[in-house]
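Hi,

Here is the structure I said I would pass on. Have a look at it first, and my notes follow below.

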Amino acid sequence: MISAQRRKIIIDKINSGMPLSVSELSRELGVSPMTIRRDLSSLEKEGLLTRTHGGAVPVGGGSEEEPSFDEKLNRFPAEKLAIARKAAELIKDGDTILLNAGTTVTALARLLKDRQNLTVVTNTVNIAMELAQSEGINLVLTGGNMRTRSYAMVGTLTERVLREIHVQKAFLGVNGISIEHGLTTPNMTEAHTNSLMIKAADEIIVLADHSKIGRVTLSRFAPIEAVSTLITDRAAPPDFIEELVRRGIEVIVV
């Protein structure tokens with residue numbers, strides 16, 4: 001494949017909003033990683049993409065400001081509450097669960113306050129505060145460095161705790177979920193934390209309203225195959241749901 005053909009493929013992918021990986025492009029296009037890096041460097045000089053460590057993102061994609069928790073709180077609140085209510089039905093007294101950061105997961109935490117004999121592990125300060133007065137909940141807070149935009153704790157201390165625990169179910173919020181790129185979030189450090197949560201749980205339940213579906217942000221923390229169950233709302237694209245079901249992933253639409 002000649003250089004012009006490769007670059008057209010790369011441009012088409014980047015224009016669709018996808019982050020690009022050097023290793024994936026190398027395999028797909030049948031050329032060396034060095035060749036792909038030269039192509040990406042050339043396209044960056046033309047202003048067509050932005051290079052990142054290990055790949056590239058759309059122009060502005062690597063520095064796009066991550067919305068704050070409060071900004072996200074007002075987006076699709078009815079859908080998020082419906083998703084949270086359905087998620088709460090999957091939690092039984094005696095369960096050990098893990099909750100990450102996010103507005104939909106926070107809505108779920110608020111529904112758990114009166115539960116009994118429940119162990120909740122979280123790396124999120126605001127969720128810990130929601131559950132702090134719940135006598136029936138054994139609350140485990142990971143510790144770490146808090147990110148002000150998401151209230152999530154990340155870093156070496158957080159990672160050490162997550163490597164040493166095991167839970168039955170992890171309920172995870174995401175910034176993006178797609179067939180090709182799996183579960184993504186804008187922050188690379190938080191992505192690594194989320195990836196350790198995936199490893200710590202028997203069952204991965206993703207809570208994502210329709211606006212997250214097909215969206216890809218900077219950092220991938222798990223392939224789509226890692227998902228056990230997706231809970232989403234009725235505006236989710238039917239073809240996306242059908243593909244997940246075809247892959248053996250349970251989808252609950254509320």
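Predicted model: local features only at pLDDT ≥ 70, side-chain atom pairs only at ≥ 80, totals over all residues.

Is Tyr151 buried, partly exposed or exposed? Tyr151 is partly exposed, with a relative accessible area of 24% (buried means under 20%, exposed over 50% and partly exposed in between, using a 1.4 Å probe and protein chains only).

Residues are numbered from 1 along each chain as its sequence is written, and side-chain values use heavy atoms, leaving out hydrogens and water.

Back to Tyr151: with Phe69 it forms a tilted aromatic pair, 5.3 Å centre to centre and 45° between the planes (ring centres of Phe, Tyr or Trp, the last by its six-membered ring, within 6.5 Å; planes under 30 degrees apart are stacked, over 60 edge-to-face, the rest tilted). The structure holds one such pair. Phe69 is buried, at 6% relative accessible area.

Now the cores. The largest nonpolar core has 30 residues, and Ile177, Leu183, Val206, Phe221 and Leu244 have the most contacts inside it (a core is a set of buried Ala, Val, Leu, Ile, Met, Phe, Trp, Tyr and Cys residues joined through side-chain atoms within 4.5 Å). Ile177 touches residues including Leu183, Val206 and Phe240, not counting those up to four places away in sequence (contact means heavy atoms within 4.5 Å). Apart from this core lies another, of 22 residues, among them Ile97, Ala109, Leu118 and Ile252.

Cheers
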